[in-house]
Structures are given as C-alpha cells and as structure tokens.
Amino acid sequence: TRAAHALVARAGERADALVEGLFRAYFEQARDIGEAGELVAIAAAAGLDAVEASACLAAREGFEAIAAAERDAARLGIGGVPFFVFGGRWAVSGAQEAVTLGAALDEAAARAGARGA
C-alpha cells in the first residue's frame, strides 16, 4: 500500500525493521497492513514513534512521492518484483541467477563508459 511505503520512506534507520515487521504481519500473521491502526502498531514495534506514524498517515505524508514512483515504474514497464534497472536503461525482470545480473551490470557499465568517453 502507499501508506506502508510512505512509512518505510520516512523510517530512516528503522526502515529495515519496519519492512521486516510488515512482511511478518502480512505473510505470517495475516494482518491487514492496509489498515492505519495496524500500520501504526507495526511501525511502533519497529521502533518508530506511534504518534508520528499516525500523523504521517493522517496527513498522507509522502503519498504523492510514492504515486510518482509508481508512475515511473509503469513508464518503465515494471509490473512486478523483483525488477532491476541498470544505468537507467537496462532492465532485468524476475529472480535471476547471479551470472545474469552480473552480465546486465557489465553491459550497463560498458555502455555508460562508451557514452562518457
């Protein structure tokens, strides 16, 4: 949800703990992470201030930035995760072997070097 992404975006050093909490809540505990009260509880458990998290959600703080990122992803043809974009131009969709990701990185670096020369 945009709300969960907005909280993660403002979580700073607690972002990893918040993401872990969101995954655990959704996948293991079947909690509704689209509900504001659940999000605030998960954020608080991850070490964020519950009052600030609640205020962020009520004000829809950061939601437009998340919507803009969604539009950018759609423009790039991203329809699922994982999805990797290298050099702003080369994309690899889905879980891939390390050799495939390495080849994409090498290609992006080579082309970036050719443009910069």
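**Figure 1. Helix 2 in the lining of the largest pocket.** In this predicted model, helix 2 contributes 5 residues to the lining of the largest pocket, the most of any element. Helix 1 (2-10) and helix 2 (15-28) each provide at least two lining residues. The space in this pocket is about 230 Å³.

**Figure 2. Residues lining the largest pocket.** The lining consists of Thr1, Ala4, His5, Val8, Val19, Leu22, Phe23, Tyr26, Phe27 and Ile33. Sorted by class, 8 of the lining residues are nonpolar and 2 are polar, with no charged residues.

**Figure 3. The aromatic cluster of Phe23, Tyr26 and Phe27.** Ring pairs join Phe23, Tyr26 and Phe27 into a cluster, and these residues are also among those that line the largest pocket. The model has 3 aromatic pairs by the criterion used. In one of them, the ring centres of Tyr26 and Phe27 are 4.9 Å apart and the planes stand at 90°, so the pair is edge-to-face. Tyr26 is partly exposed, at 46% relative accessibility. Phe27 has a relative accessible area of 63% and is exposed.

**Figure 4. The ring pair of Phe84 and Phe86.** The ring centres of Phe84 and Phe86 lie 6.4 Å apart. Their planes meet at 10°, so this pair is stacked. The relative accessibility of Phe84 is 31%, which makes Phe84 partly exposed. Phe86 is buried, with a relative accessible area of 12%, because buried means under 20%.

Methods:
Residues are numbered from 1 along each chain as its sequence is written. This is a predicted model: local features need pLDDT of at least 70, side-chain atom pairs count only at pLDDT 80 or more; totals for chains, interfaces and linings use all residues. Side-chain values use heavy atoms; hydrogens and water are left out. Rings of Phe, Tyr and Trp (its six-membered ring) pair if their centres lie within 6.5 Å; planes under 30 degrees apart count as stacked, over 60 as edge-to-face and the rest as tilted. Buried means under 20% relative accessible area, exposed over 50%, partly exposed in between (1.4 Å probe, protein chains only). On a 1 Å grid over the protein atoms alone, a cavity is a set of points where a 1.4 Å probe fits but cannot get out, and a pocket is an open set with protein on both sides within 12 Å along at least five of seven lines; lining residues have an atom within 4 Å of a point. Grid points are joined across faces, edges and corners, and a volume is the space filled by probe spheres set on the points. Helices (H or I, at least four residues) and strands (E, at least two) are DSSP runs, numbered from the N terminus. Ala, Val, Leu, Ile, Met, Phe, Trp, Tyr, Cys and Pro count as nonpolar, Asp, Glu, Lys and Arg as charged, and the others, Gly among them, as polar.
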